[in-house]
Structures are given as C-alpha cells and as structure tokens.
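This briefing is meant to be read with the sequence and the model at hand. The points below are grouped by topic.

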Amino acid sequence: MSNTNVISGLIAEEERRDFSDFIYMLRTGEKKYLLRNDIWLKWLNWCSENGKEQEFTQKSAVAQFLSRVPEMLFPDSIALILYRYTMARYRIFRLSTDRSYMEEISVNRYLDYKDAHVLGNGAGANRDALELDFLPFYDYAPTIKNVKNVGNGISYLNKYMSSSLFHRPEQWGRKLFEFLRIHKINGRQLLVNPDILKGVDDFLFALEESIEELGRQDPEISYEQLKPDLKARGFEPGWGNTAGRVLETMKTLHGLFYEPHSADLEKFISRVPMISKVAILSPHGWFAQENALGKPDTGGQVIYILDQVRALEAYMIRQFENSGIDVKPRVIVVTRLILNAGNTTCNHPKEDIVGTEYSYILRIPFYDKQGRPLENWVSRFKIWPYLDRFASDCERELLAEFEGRPDLIIGNYSDGNLVATLLSDRMDVIQCTIAHALEKTKYLFSDLYWQDMEQDYHFSCQFTADLLSMNKSDFIITSTYQEIAGTETRFGQYESYQFYTMPGLYQVVNGVNLFNPKFNVVPPGVDEENYFPYYEENRRSSSRQSQWEERLFTLEHLDIFGRLEDPEKPPVFTMARLDRIKNITGLVEAFGIHPELKNYCNLIVAAGTIHHEESEDPEEQNEIRRMYELIETYDLKGHIRWLPSVPKEETGEVYRIIADRRGMFVQPALFEAFGLTVLEAMQCGLPTFGPVFGGPSEIIKDGESGYLMNTSQPDLIADVIWKFVSECLKNPDKWGNISKGGMKRVSEAYTWRRYSEKLFSLTKLYGFWRYTESQQGMVKLDRYCDLLYHLLLKPRSEEIEQ
C-alpha cells in the first residue's frame, strides 16, 4: 500500500487538516507515549478549543479512526500510531514529519521504537534485541479466519477433521480405527480387541453385523446380556450400558466412515470412555477448604477448582455408568504444602475434597537451594525458583497416586500452567490451560517498564512462562470471549501477548496465535447446593442464619471493625481479597464521597483482615492502611462494618441474608477476568454490580440482570449504585425485578454440568487431534519452547532471591 493510500483510505480529505493539527498538538506535548484514554480526552479538549460540534467530535472520520487507536508514540519529530481496526487485528503507521502522509511499518520496527523510548537510545540501537516469534511453528494446524469465531476453536477443528474424513476417508478412517484400538483403562482393553479386529475392513464388517443384530434387540437389555456376542465379534466394553445406547454409539461411528459430519464426530468421540484420572495443578496461595479464602493469593481460583473437581468427578461417574464400565475415577489437585499453615490444613499432605467420593488434594513442599523444605507462604510473584523441582516431584507423586499416568493435566494461573506444561512434556499427556487472570493486562506498563517492577513482581519470568504454556498447551479454556480477543475498546488478556517488548530483555513479534483453534470459551457454573435463592426458606438453617445476621450487623468482636448506627438500613455488601486490583478501597471511597448513599445504606465489607500485623503480603498491608485512612477521612464510623473474609461454605447464606434486607452485592474490581462471586450472588437472588472491565460484562445484562460500572473512579461507582437505590425508592418492584433477572441469567448459561460436559468433550476431541495430526506438527514448536525454558526462563528464575 502506498503512503498516500494509507491516509486517504482512512480519513476523508476534508478532515485531514484537522487530523494533522491534532497530531501536531500531541507531538509537541510533554507526554510522548499516550494510551487510548489519554488520546480520547485530548481529542475532546482539542475539539472544544477549536469550536468543533458534537457530531464532528464523536462521529467524524478522525473520531472513528482515533476510537480504534490503543496507543501512540512520538519519538523525535514523527508519530507512531497503533491502529486496531478490529479485535485482535492491527496495522501500525508512521506519520511523516510534515504530517502529509502515513506509511505502514512492521511490528519489529514498532517494537524498536518502543525500546528506544524506554532505553533512551535511537530506534536503530536495539536492532540486536532477542526476537521471539512463535507464528512460523503453527503451519501444522488450520487457521480461523473470522475473529468472531475465536473462542469456539473446537467447532472449527471438528469441521476440519470431519472434512478430512470425507476427503481422505482411507487415511483418516485408518487413524480413527487405530485411535479406538489403543484405549485401555487400568490395563483393561476398551472398545476394540486388536487380536480379533486387525484392520479397518474386519472392523467395519463386524460393526455392521453388530448394528444389524442390535437393531432386533430390546433397547433396554443390559450390556452384560450382550457382552458374550459382542466380545466374540471383537468388541470390548465401553460402547454403552444398554442395547439402545450401544446401537446408537455404533451407528454414529459407522456414519463417520461413510458420511462424516462434524456433529457426529463430536458426539462419538465424546462418548469414548478415555478419561478416568485428572491432575489439576494450582501451586500458589493457600489451597484448602477451610480458613483459607481471603488470605494472600487465595480467592476465586480455589473456589473455581473445588467446584470444578466435584463436577468433573460426577460427570466421569455418570459417563462410566452409561458406558457399561465399572471404574472409580479420580481427580487430584496438586498444590504446595506449607509447613507453617496457621489455622488451615495446608500442612496436610493429603485432604479429601468434600462432596466427592474419590478425589483429594495432594500437597508437595517447595525446597530451597540447600534442599530444605520451605516453611512459610511465598507470594505468587516470587514462586518461580521452586517450580522446576516442584514439577519433578509432582511427576513422581502422581505416577504413584494414579499407578500410572494421568489422562488429562489441567494447569491454573501462570505458575500452575508452567508446571502442567513441564508435566505434559515429561509424561506425554494432553494439557489444558486455564489462566484465570493474566497479570499483563492488570498491571499497566508491566511489559514496557518491567525493570522498574522486577524486584517485587518478576514479570520477566511470569510473562515468559505464560508464552510457553499458551503455545505448548493442547487447548486453552477461558470463561469469557473477551479474555481472548477483548472488546471493541479493550485488549483481550491473551491478545496482549500477540506482540510486545520488554526492553533490554526481548521483543515478542508473534507471541500467541489467537486464530489457532485451541481457544475455547467454557464458563464455569455455580454450586447449587450452596447458592440458591434467598426465598427458599425450607433449605436454610435458622441457627446459621441467626449466627451470620449477628456477625454481619451487630456482633462486637476482635476481628470485626465498626458498629452500625442503624443496622436496619439496606446493606451494600462486598467480598474479595484485599488487594489493589480487587479495589475494595475504591468502593469504600465511593461510599464515603456520596452523602445520599451513606445516609440511606450501610457498607458491609468482608475482606482480608482488619489487623495490619496479621498480613504477610505488602500489597494487602498497604490496602489495610488505606482502609483506615478512608474511614477516617470520610467519617464512616457508624456506617461501615469490616469483617475478615467469609468461609467458602458460608458465603451462600451471607448473600441470602443481604438479600433478605433488600441489599446489593458490589464487585468493584478494576479488572475481573471472570467474576465467580458475581454469579454466586446473582444465583442467591441478590442484585449485583460488577465492573465493565472483564468477565462481568458478559455475565450481566446491564439493567436487566444486574448493573455494570466503570470502576476506574470512585464517583462513577457511587453514581451507578445510587441510581439503583433511588429507583428502588420510587418503584417497589425494581429490586425484585433485578433479583429475578439475575437468577434467570445464571440458570440459562452457567451450570457446572454444562461445564464438565464441554471440558471432557474438548479433552477427547483434542486428544483425537493430537493422536491423528498435531503431535508430529507440534514437535518444532515444542523444541523452540524447550530452548526458551532452559536458556531464558529457568536461568532468570534461579536468580530470584530465595
């Protein structure tokens, strides 16, 4: 594209002068690196100063162009413009000194300029920077074309594999047959006896014979009655527990050989009973079932995993029953053993998971350089030196616990995903990655100014670990679409890894391929035993209810701050870890600056601890100090109660008590990757407020099932809450309508049964893909990642002070 075409194709001729003058104003300003909000505010000011009408300010070609610009950089006398023309797609422009034309430049060149901006040298001075580029290694897999299909990778891959079956039936039919022959559970052959059915032709003949015979049987006849005839033909257990189910499974498979459809491939592969042993990795924080929530690095991820385990085990039990196999499935959550565990069970090597039959937590210590077990908690930001040995210890322990390899390894967060990656490599097991929250989008400039944050956060290790696990994982699940590709105006968490620079360390030219079909949106559900509507009184415990009503509103205790002047006011309730991103102090300030809100409501906070000396986390300590400062500044005594975090098993009743008093739940995080507490509160019938930044914007339908807030400023939070409160004062039905809308939304889209079915369907289909096609293609990518681990990440991790 020529220089003239770039500018003429984007901005109408009559507006180019305005565009040029605005860019000149930016270039001559003090700030040389501007983000979207800075750019837009300056545009509004420029329009106002130059007498532009509202229509031009918001809808002109210049305005439309600027609305898609996440950042600008002004080195020397030129302007560099990052143009995000659609989600996850970019063009980068360099505007000439006289602003008469724009030319498109490469990502590499743009990152050189960003390095120069930080390091203070010329744009060409960092041409020797280490460049990381993962994209060339993705030639083994199909590529999604439309960004709207990102996050539904399995559907795309399913169609691709079905098409391959149709166009290359002999090759793919043989692979499908071989895939069936390899399946065993605990040494027991499933589906096909390879000694009887030695080839595809034999198999298809026996399959057609069996379908004909089963068609004459009563569909309710048990598998045990069919077993002798099926085994004689070469069919082992696993097809179904009744004649009807066996027939349906065999018919679906038969169709794949002759008239393959994507729906049939997923339906059949999903029925193959190939998963009975699942390992879940979550090393950091305090992973326990009691007295752990609210401690540093311990929150929604623990809740998510415990609920996930119950759902996965229940699903496997149902599936094995439906398949006609007697197997006791197990899920093992592997975490860190903390010797100085306080009042938690984090020093217990094993702990059965409540609500399961066969699943448990397995805890393994971290060791220092001298080989001594670490006694105390370690921040998730300083965990990196311990993970290589931890992975080796996990491998040994899991082989012993499972009496063999697991069938699936699930990583959680950056540290758990790195360990899962190492284990998947060593044990040759399919890997699922779940980020929960990628810190890169949470901490502003954490890549560009990484060296300023390195001592406290060690982002050089974390972001490198993220790159490796994203690229090596067989599949990635997220709770929302925007975690992957963002929104029209905000980067996705994974999208932020497409290209970036950490000046002086490396440049990432292509960090993650969002258009590879490994990404899938699979939202979690809600534990319906704990979270149910407030009006279902027959399910509630009166003694428990009385105990928590007293604790929330009137009880005086050493671990509770605040005495309410009027405990009967409607409560504004919040519950989260006490850290900067969760923004509890932002809500407290919002409450303090709004006289009407303070007059009409009480604020109930369940977060962390009220005692500074009880916290080991510097960030939490800062937030505790800030809480007391805000309470004093805004004279909140008598209007606020501050409790420690609520035990997980009690949170449902707490939500219901708040709902009894026609209160509301506010999740004020600056960014929330998903928002499990949002779902839980909605399920209990409590009107819920969540941040527009992140997952809650996909959960909540604003004004119907809850409310979305811009949480960047306290006054914006307060305005949204007060609008709802004032509407409730005018319309008695308002509270009930939002309550019902929230419960309806959860029941329609967020259940653990749906989650577990989808996760295992993904595991089996990606397992089939791994076996038939991707394993050989991924070898080069694996080797590239291995080099980066051993030559870059591992040495940097070992440098962290222990």
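Does Tyr628 count as buried, partly exposed or exposed? At 32% relative accessibility, Tyr628 counts as partly exposed, where buried means under 20% relative accessible area, exposed means over 50%, and partly exposed lies in between (1.4 Å probe, protein chains only). The model is predicted, and local features need pLDDT of at least 70, side-chain atom pairs count only at pLDDT 80 or more, and totals for chains, interfaces and linings use all residues. Residues are numbered from 1 along each chain as its sequence is written, and side-chain values use heavy atoms, with hydrogens and water left out.

**Nonpolar cores**

- The largest nonpolar core has 222 residues; such a core is a set of buried Ala, Val, Leu, Ile, Met, Phe, Trp, Tyr and Cys residues joined through side-chain atoms within 4.5 Å.
- Phe203, Trp239, Leu253, Ile477, Tyr506 and Ile721 have the most contacts inside this core.
- Helix H13 (residues 300-323) gives the largest share of this core, 11 residues; helices (H or I, at least four residues) and strands (E, at least two) are DSSP runs numbered from the N terminus.
- Not counting residues up to four places away in sequence, Ile477 touches Tyr304, Cys432, Thr433, Ile434, Asn520, Val522, Tyr755, Leu759 and Leu762, contact meaning heavy atoms within 4.5 Å.

- H13 has 24 residues and reaches 34 Å from its first C-alpha to its last, close to the 34 Å expected at 1.5 Å a residue; the expected span is 1.5 Å times one less than the number of residues.
- Of the 24 residues of H13, 18 are buried, and the helix is followed by Gly324, whose phi is positive, near 80°.
- Strand S9 (residues 277-281), H13 and strand S10 make a right-handed β-α-β unit; right-handed means that, with the strands pointing away from the viewer, the path from the first strand over the helix to the second runs clockwise.
- S9 and S10 pair in the parallel sense over five bridges, with Val334 in S10 as the bridge partner of Leu281; two strands pair if DSSP finds at least two bridges between them.
- S10 (residues 330-337) is mostly covered, with seven of its eight residues buried.
- S10 also pairs in the parallel sense with strand S12 (residues 360-365), over six bridges; there Pro365 in S12 is the bridge partner of Leu337.

**Strands S20 and S21 with helix H23**

- Strand S20 (residues 602-606), helix H23 (residues 618-633) and S21 make a right-handed β-α-β unit.
- S20 and S21 pair in the parallel sense over four bridges, and Trp642 in S21 is the bridge partner of Val605.
- In a regular strand the side chains alternate between the two faces of the sheet.
- From S21 (residues 640-643), Ile640 and Trp642 point one way and Arg641 and Leu643 the other way, and all are buried.

**Aromatic pairs**

- The structure holds 53 aromatic pairs; rings of Phe, Tyr and Trp (its six-membered ring) pair if their centres lie within 6.5 Å, with planes under 30 degrees apart counted as stacked, over 60 as edge-to-face and the rest as tilted.
- Phe463 and Tyr497 form an edge-to-face pair, 6.1 Å centre to centre with 85° between the planes.
- That pair links distant parts of the chain, 34 residues apart: Phe463 lies in helix H18 (residues 459-472) and Tyr497 in the loop between helix H19 (482-485) and strand S16 (500-502).
- Phe463 is buried, with a relative accessible area of 0%, and Tyr497 counts as buried at 0% relative accessibility.
- The rings of Tyr628 and Trp642 have centres 5.1 Å apart and planes at 55°, so this pair is tilted.
- Tyr628 in H23 and Trp642 in S21 are 14 residues apart, and Trp642 counts as buried at 0% relative accessibility.
- One aromatic cluster is formed by Phe381, Tyr443, Tyr457, Phe459, Phe463, Tyr497, Tyr500 and Tyr506.

- Helix H28 (residues 734-749) has 16 residues and reaches 23 Å from its first C-alpha to its last, close to the 22 Å expected.
- The buried residues of H28, including Trp735, Ile738 and Met743, pack against helix H24 (651-660), helix H25 (676-683), helix H26 (696-699), strand S24 (707-709) and helix H27 (714-730).
- Gly675 lies in the loop between strand S22 (664-666) and H25, and counts as buried at 3% relative accessibility.
- The C-alpha atoms of Gly675 and Pro696 are separated by 5.8 Å, although these residues are 21 residues apart along the chain.
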